Amino acid sequence: MRTTLRPRKAAVTMTALTALSALALAACGGGGEAEKKPGPTGELPLKGQKIEVAAVWTGPEQENFTKVLREFEKRTGATVTFVPAQDPIVNFLGTKIAGGSPPDVAMLPQVGAIQQAAAQKWLKPVGPEAEAALAANYSRGWQELGAVDGTQYGVYFKAANKSLVWYNTAVFENAGASEPKTWKDFLTTAETISASGVTPVSVGGADGWTLTDWFENIYLSQAGPAKYDQLAKHTIKWTDPSVAAALTTLGELFGKPALIAGGTNGALQTEYPASVTQTFTGGDQPKGAMVFEGDFAAVNIAQTQAKIGTDAKVFPFPTVGSGTAPVVTAGDAAVALKDTKGAQALLAFLASPDAARIWAAEGGFLSPNKNLDPAAYPNDVQREIAKALIDAGDDFRFDMSDQMPQSFGGTPGKGEWKALQDFLKNPKDVAGAQARLEADAAKAYRAAAKS
């Protein structure tokens with residue numbers, strides 16, 4: 001969703017401005033004397049303060065984000081604690097707030113979650129330092145994604161390019177297959193690989209969000225940006241003919257279980273991480289030759305013996321019909337639930353290239369920060385993906401399900417996730433899938449309007 005930002009007044013104490021200005025100097029300085037003595041008296045600006053940050057990240061993502069937080073501690077003297085959150089995080093935060101112990105900062109993975117939390121008056125507007133960093137480092141589109149009714153709440157720290165297909169190069173070479181440009185070519189390539197003795201497509205259907213990504217890329221390319229925006233806002237219904245067309249196209253793959261690793265049942269039992277690792281395990285005889293997902297799949301590929309750029313390569317999601325290649329993005333935004341110096345300082349830091357550089361070096365990360373040096377990424381593949389995102393400017397579309405009420409677009413076992421899992425089971429029932437999607441969407445949007 002796009003909003004128009006309007007000026008707002010912010011009351012900030014001189015102490016907070018001093019601390020935040022000192023932090024900005026440290027962030028721009030990249031170390032050295034500014035890092036050791038960021039304050040006017042040589043004191044670290046947040047020394048002794050404790051900050052809690054909640055996120056749903058686990059495994060490598062949690063580890064890499066923790067490295068970012070450790071650098072913030074080093075520069076400010078604050079103590080930062082990572083609070084593991086359950087998905088959907090809005091429900092988790094609601095429980096914390098009801099109990100009187102909200103975290104200082106939370107990482108929200110959906111635009112809809114930001115809107116919902118703002119409607120509940122849980123969020124605090126970003127301070128002047130973070131706002132200035134956003135203006136300097138982010139395109140207008142990424143700033144507006146973190147705003148609600150003209151007030152800036154979110155700092156998008158981690159982004160994703162969700163219009164990618166990763167593939168096992170050994171399988172492609174053995175089959176004589178090449179990177180497809182169109183959906184028709186994609187299906188032909190899948191048949192070619194199948195004929196070579198390897199199942200072509202790995203699908204993580206146990207995680208319903210992967211299926212929403214399949215649908216969104218097809219829909220954006222086939223129906224176009226205007227329809228995409230209308231469906232995201234529910235100004236057209238899921239019973240619209242454009243939805244039927246996209247589901248029918250998706251059914252051209254889902255309706256052929258022989259092309260899917262483990263068949264339909266196998267896909268529905270395969271979680272996203274396994275859908276990636278099984279594509280790059282087993283040499284030239286993996287369980288699947290291709291896996292569709294975002295740049296963050298690099299984290300899972302790194303858990304195998306495959307090397308990105310040689311064993312594992314990537315191509316853009318194919319164009320559908322007469323449409324253009326889709327560019328679907330996603331991201332995690334930092335928001336403040338407490339209006340403290342520590343929370344605002346962390347938002348300002350996360351909006352800086354220095355913070356992004358730390359995780360970028362670890363791989364499996366994409367930053368919407370246009371001033372991050374591409375050299376920070378660990379390989380040419382990551383750099384090319386990052387360049388494509390930045391070059392898109394504002395000409396991208398954010399993950400549709402992440403723009404919707406979380407009860408419909410972001411809850412396991414419910415709404416769109418469940419409807420598309422059911423569609424994977426029975427891809428011939430396009431009308432039935434549309435009816436279920438519309439019923440669940442209408443209910444979720446009515447509830448959101450009342451909140």
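These legends describe close-up views of a predicted model.

Residues are numbered from 1 along each chain as its sequence is written. In this predicted model local features need pLDDT of at least 70 and side-chain atom pairs count only at pLDDT 80 or more, while totals for chains, interfaces and linings use all residues, and side-chain values use heavy atoms, with hydrogens and water left out.

**View 1. The largest nonpolar core holds 89 residues.**
A nonpolar core is a set of buried Ala, Val, Leu, Ile, Met, Phe, Trp, Tyr and Cys residues joined through side-chain atoms within 4.5 Å. Buried means under 20% relative accessible area, exposed over 50%, and partly exposed in between, with a 1.4 Å probe and protein chains only. F65, F157, W166 and L350 have the most contacts inside this core. Helix 16, residues 341–350, gives the most to the core: seven residues. Helices (H or I, at least four residues) and strands (E, at least two) are DSSP runs, numbered from the N terminus. A second, separate core has 55 residues, including I193, V320, A419 and L420. In soluble globular proteins, nonpolar side chains tend to be buried together.

**View 2. The largest pocket has a volume of about 1,000 Å³.**
On a 1 Å grid over the protein atoms alone, a pocket is an open set of points with protein on both sides within 12 Å along at least five of seven lines; a cavity is a set of points where a 1.4 Å probe fits but cannot get out; lining residues have an atom within 4 Å of a point. Grid points are joined across faces, edges and corners, and a volume is the space filled by probe spheres set on the points. This pocket is lined by 35 residues, and V56, E61, D87, W209 and Y272 are the closest to its centre. Elements giving two or more residues to the lining include helix 3 (59–76), strand 6 (155–161) and strand 11 (328–336). The lining divides into 16 nonpolar, ten polar and nine charged residues. Here Ala, Val, Leu, Ile, Met, Phe, Trp, Tyr, Cys and Pro count as nonpolar, Asp, Glu, Lys and Arg as charged, and the others, Gly among them, as polar.

**View 3. The second largest pocket holds about 750 Å³ of space.**
Its lining has 30 residues, with Q116, P405, Q406, A444 and A448 nearest the centre. Helix 22 gives the most to this lining, with seven residues. Helix 5 (111–119) and helix 11 (225–233) are among the elements that give two or more. By class, the lining has 13 nonpolar, twelve polar and five charged residues.

**View 4. The largest cavity has a volume of about 30 Å³.**
The count comes to one cavity of 30 Å³ or more. Among its lining residues are S202, T210, W214, Y272 and E293. Helix 10 (208–223), helix 14 (272–277) and strand 9 (290–292) each supply at least two lining residues. Five of the lining residues are nonpolar, four polar and one charged.

**View 5. Q421 sits in helix 21, residues 415–425.**
Q421 is buried, at 13% relative accessible area. Its side chain reaches the backbone oxygen of A206 at 3.3 Å. Leaving aside neighbours within four places in sequence, Q421 is in contact (heavy atoms within 4.5 Å) with residues including G205, D207, L211 and L268.

**View 6. G263 lies in helix 13, residues 263–268.**
G263 counts as buried, at 15% relative accessibility. G263 and S202 are 61 residues apart in sequence and 9.4 Å apart in space, C-alpha to C-alpha.

Key. A polar contact is a pair of N or O atoms within 3.5 Å; within protein, one must be able to donate a hydrogen and the other to accept it, and residues adjacent in sequence count only if both atoms are side-chain atoms.
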